[in-house]
Amino acid sequence: ATALIAWQLVRRRSWWPTQPLQHGFDAPEARTALSFVPLAACSAIAAPLVQILVRDELAEQSGMASVGLFQGVVRLSDLYVNVATAVMGMYFLPRFSELRSAAALKQEIRKGLMTLIPAVALAGLVIYLLRDLVVRIVFTAEFAGMRDLFGWQVVGNTLKVTGWFFGHLMIAKGNPLAMAGFELLMGLFWWAAGIVLVQRHGAVGATQAYALHYAAYVLVGVVAMTVILRRMASRETQGGSS
């Protein structure tokens with residue numbers, strides 16, 4: 001339904017091709033598109049699956065009441081984190097893909113780190129400071145224990161957006177198959193951290209594992225960004241010298 005509505009809105013625009021498939025089938029483009037299928041599958045399955053596994057571990061260790069508190073803080077987080085991830089998908093991913101200059105790419109990265117990430121951090125800080133009010137307005141008195149989960153959760157949210165920012169850079173400039181493997185490894189790390197920390201700290205441990213997972217994601221992302229920028233600068237230097 002969404003696709004049909006979008007098609008009706010754009011088909012009369014001047015930039016919409018009158019015969020979008022007239023060029024025929026492009027095998028190289030098809031192979032490029034198919035190379036992203038494993039990454040899309042891993043991204044769609046790994047994170048939700050790990051959340052279910054961590055939730056089940058929490059239910060076994062601390063009971064369903066703790067699961068309810070954990071799910072409550074996760075749902076609140078999704079309200080503002082999803083806005084940031086949508087911005088990355090709509091703007092930064094295509095922008096990273098089109099840039100061919102290391103200097104221009106570095107400038108775009110700096111723009112994102114100086115605008116998007118602080119905005120998410122500020123939103124998390126506001127929610128953390130108003131957590132008691134938020135719980136009273138959105139939930140019931142039975143969810144008062146959620147206040148103890150907000151600290152690590154909002155830290156994890158900021159790290160998640162930062163990690164996904166670098167992740168979009170890696171998708172745009174890296175190997176999609178390698179990214180699929182990376183997503184699987186990070187999912188296993190999150191699961192292992194969740195088991196250990198939930199057994200030690202209950203529901204708080206689940207939020208700690210979430211934050212730790214995305215801290216590792218950010219660390220790998222920073223390394224990948226450095227490698228990508230150096231390779232681009234090296235190619236530019238070689239191209240200029242030749």
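Predicted model: local features only at pLDDT ≥ 70, side-chain atom pairs only at ≥ 80, totals over all residues.
**Burial and fold**

Buried residues make up 36% of the 242 residues in the chain. I then listed the secondary structure and found nine helices and zero strands. Read along the sequence, the pattern is α-α-α-α-α-α-α-α-α.

**Helix H3**

I took H3 (37-62) next. H3 has 26 residues. From its first C-alpha to its last, H3 reaches 37 Å, close to the 38 Å expected at 1.5 Å a residue. Which residues of H3 are buried? I noted Leu39, Cys42, Ala46, Val50, Val54, Glu57 and Leu58. An α-helix has 3.6 residues a turn, so residues three or four places apart point the same way. Glu57 is on the list of buried residues too, and I marked it as a charged residue. Just after H3, I found Gly63 with a positive phi of about 95 degrees.

**Helix H4**

I moved on to H4, which covers residues 64-98. H4 has 35 residues and spans 47 Å between its first and last C-alpha atoms. Where is the kink in H4 centred? I placed it on Gly89, with an angle of about 35 degrees.

**Met146**

I looked up Met146 in the loop between helix H6 (131-138) and H7. Buried or exposed? Met146 is buried, because its relative accessible area is 0%. I then listed what Met146 touches, leaving out residues up to four places away in sequence. The partners are Leu69, Gly72, Val73, Leu76, Val135 and Phe139. Met146 and Val73 are 73 residues apart along the chain, yet their C-alpha atoms are separated by 6.7 Å.

**Cavities**

I searched the whole structure for cavities of 30 Å³ or more and found two. The largest cavity holds about 90 Å³ of space. Its lining consists of Gln51, Phe70, Gln71, Val74, Ser77, Asp78, Gln153, Lys160, Trp190 and Tyr210. H4 and helix H7 (150-173) are the elements that give two or more residues to this lining. The largest share, five residues, comes from H4. By class, I recorded four nonpolar, four polar and two charged residues for the largest cavity.

The second largest cavity holds about 30 Å³. I listed its lining as Val73, Leu76, Ser77, Tyr80, Ile127, Phe150, Gln153, Val154 and Asn157. The elements that supply two or more of these residues are again H4 and H7. The classes here are six nonpolar, three polar and no charged residues.

I compared the two lists.

**Largest pocket**

I turned to the pockets. The largest pocket has about 480 Å³ of space. Of the 28 residues that line it, those closest to its centre are Ser43, Ala47, Trp164, Glu183 and Tyr214. H3, H4, H7, helix H8 (176-201) and helix H9 (203-241) each supply at least two lining residues. Which helix gives the most to this lining? I noted H3, with eight residues. The lining divides into 16 nonpolar, eight polar and four charged residues.

**Second largest pocket**

The second largest pocket has a volume of about 320 Å³. It is lined by 13 residues, and I noted Lys173, Gly174, Asn175, Ile228 and Arg231 as the closest to its centre. H7, H8 and H9 each supply at least two residues of this lining. H9 gives the most, with six residues. I sorted the lining of the second largest pocket by class and got eight nonpolar, two polar and three charged residues.

Note on methods: Residues numbered from 1 in each chain as written. Heavy atoms only, no water. Helix = DSSP H or I, 4+ residues; strand = E, 2+ residues; numbered from the N terminus. Expected span 1.5 Å × (residues − 1). Bend = angle between axes of the 7 residues up to and from the residue. 1 Å grid on protein atoms, 1.4 Å probe; cavity = no way out; pocket = protein on both sides within 12 Å on 5 of 7 lines; lining within 4 Å. Points joined across faces, edges and corners; volume = space filled by probe spheres on them. Buried < 20%, exposed > 50% of the residue type's maximum accessible area, 1.4 Å probe, protein only. Contact = heavy atoms within 4.5 Å.
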